[in-house]
Amino acid sequence: MTHTTTTTGADTLDTATTVGIQLQRIRHFWPLVLLITLGAVIASAVSAYTAEPSYTGRTVLIVSSPGRVPEEDAVIVRGYIDLFNDPAYQARLRDSTDLPPGTTFEARTAAASSMIFVEATTGSDVGAKDAALALATNFRWDVDAVRRAEKDASLDALRSQLDERRRLLAEGADPVYTTQRIIELETLIQQLQGDSTNQLQILQPDAGIAMSEPSMIRNVLVGFLGGLVLGSVAAVLAALFSPTLGTSHDVHTRTGVNPVVEIPRGGNRRRARARHLGFVRLATRAGHRQVPRPGILAVASPTRTPATGQVARAIAEFWAGEGERIVLLHADMRTVTVQERTAADDAVTVRTAVVEDLLEDPDVPLNRERFTQLLQRLRADADLVIVEAPPLTEDPFAHSACVVSDRTVLVLDRRSGRVGPTREAVELLADAELLGAVLVDPRAGTGRSLFRRTKRGEPVAAVRYERIDSLGPDTTQISPNGHHPDRDAATLLSGKPGGTP
């Protein structure tokens, strides 16, 4: 036999988007997301509860240039604000100003105004007021330093000329000309001294103090959103590096196998319906086109998990409800599926058996040849024999059970499935006919039967499990569950008159 992996257009991998894959990973690691989000919310709440109020002091500067429209001054103000808020200049300003520890400051303006609001925030009201005034004063002196130097140089030159004219007048120079020149120089000096073009002036040294306290609601909301984002990122990283297989995409990229169906966990009505539809999809894949009738279908998993029995039972109940003769054979000596019994007359029947009970000589070790003969005897009077095989990586017989079967379903446990055992199981199934892989969350929730209702919700017939204890024309005995212990397996499976109550 050759190893084949069935992939159809129904595969979730074919339609999954990158966002969908990440959402699947986040849902799989939702406890991690919840833990990080709760931690962020608690930290934000504690921070808001223990934080001290802060105070913001304000000093107002203004640029007022005579003979110039206010819009031109507003352009100059915008440049001053950019200079004040520059990180490099703020570091220099912080070094040159005596500020309380932890003080933050900024400059801003209102619309197209010629005023600059210098704001300083610290832990006390007095400290905030003094810090704002000190910052505004230092900034004013820094901005006006160049122009002040140029102005002082011009004033010195004019004063020198004025002194020279006065000396000449005292020495007998033309009084008319000299006096007129002295008056012109004095006028220029007065104009230059009164020129405030592009200069910053303190309009209001104390423009008020505002107190602010941290908002509990806002902090908690920010913490919740931040924790949710951080938790989602952590969940995606955990999925990338986790040894478990939580999504179909992880199974495909890390083991090379495409899970053709995903079976979610049970629980509420919506989850139970999704789980039911997943089992229906899986069971229909074991139809006549994929598994010949009469045929043998093996159900195996890399390691021991209750999902193996759930899958085997689901397929058996589905096809028994379709009127086929089904035998559910437990080849795992350590685990037998919990069996449901009912005396309802309209119940469909699934025959179950344990390999150990059907062997003529239980003391002789079970090998592939004896198991093949057993399957041939069961298939002679059954439409489908479903073999619940032992774990592939734990029992050497599991490989033989899968190889001699017509098709094999590989069951992967969403909670405990790991990369290493899954890769090993895929290698072991290289010479088996793989019908497909199924990713199952074994948490079924409430309810015992897997097929209590159809897709539209109408009730279906109950399922009756009948145990075959041995094989043989005269010695077959049925376990005492209320159904004709005098019939052998051939009679039970053939449905001949007198064989069914």
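**A friendly look around a predicted model**

Colleague: Which residues of β9 point one way, and which point the other way?
Modeller: Keep in mind that this is a predicted model. In β9, Val 348, Val 350, Thr 352 and Val 354 point one way, and all of them are buried. The residues that point the other way from β9 are buried too, and they are Thr 349, Arg 351 and Ala 353.

Colleague: Why is β9 described as largely enclosed by the rest of the structure?
Modeller: A residue counts as buried when its relative accessible area is under 20%. Strand β9 covers residues 348-354, and it is largely enclosed because the number of its 7 residues that are buried is 7.

Colleague: Which strands pair with β9, and in what sense do they run?
Modeller: Strand β8, residues 326-330, is joined to β9 by 5 bridges, with Ile 326 opposite Val 350. Strand β13, residues 463-468, pairs with β9 over 6 bridges, and here Val 348 stands opposite Val 463.

Colleague: How many bridges join β1 to β3, and how many join β1 to β5?
Modeller: Both pairings are antiparallel. Tyr 55 has Thr 122 of β3 as its bridge partner, while Ser 54 has Ser 212 of β5. Strand β3 covers residues 115-122, and β5 covers residues 209-212. The counts are 8 bridges to β3 and, to β5, 4 bridges.

Colleague: Which residues of helix α5 are buried, and within what arc do they fall?
Modeller: Helix α5 runs over residues 87-96, and its buried residues are Tyr 89, Gln 90 and Leu 93. Looking down the axis of α5, they line one face of the helix, because they fall within an arc of 100°.

Colleague: What lies on the other side of α5, and which residue reaches Ala 88 at its start?
Modeller: On the other side, Pro 87, Ala 88, Arg 92 and Asp 95 are exposed. At the start of the helix, the backbone nitrogen of Ala 88 has a side-chain oxygen within 3.2 Å, and that oxygen belongs to Asp 86.

Colleague: Is Arg 165 buried, partly exposed or exposed?
Modeller: Arg 165 is found in helix α6, residues 125-170. Its C-alpha atom is separated by 6.3 Å from that of Ile 182, 17 residues apart along the chain. Buried means under 20% and exposed means over 50%. With a relative accessibility of 24%, Arg 165 therefore counts as partly exposed.

Colleague: What is the volume of the largest pocket?
Modeller: Rolling a probe the size of a water molecule over the atoms shows where empty space is left. For the largest pocket, the volume is about 730 Å³.

Colleague: Which helix supplies the largest share of the lining of that pocket?
Modeller: The largest pocket is lined by 20 residues, and the closest to its centre are Arg 27, Glu 262, Pro 264, Arg 265 and Arg 414. By class, the lining has 10 charged, 6 polar and 4 nonpolar residues. Helices α2 (18-28), α3 (30-50) and α10 (269-284) each supply at least two lining residues. The largest share, 5 residues, comes from α10.

Notes. Residues numbered from 1 in each chain as written. Predicted model: local features only at pLDDT ≥ 70, side-chain atom pairs only at ≥ 80, totals over all residues. Heavy atoms only, no water. Pairing = 2+ DSSP bridges. 1 Å grid on protein atoms, 1.4 Å probe; cavity = no way out; pocket = protein on both sides within 12 Å on 5 of 7 lines; lining within 4 Å. Points joined across faces, edges and corners; volume = space filled by probe spheres on them. Nonpolar A, V, L, I, M, F, W, Y, C, P; charged D, E, K, R; others polar. Buried < 20%, exposed > 50% of the residue type's maximum accessible area, 1.4 Å probe, protein only. Arc of directions from axis to C-beta. Polar contact = N/O pair within 3.5 Å; in protein donor to acceptor, adjacent residues only side chain to side chain.
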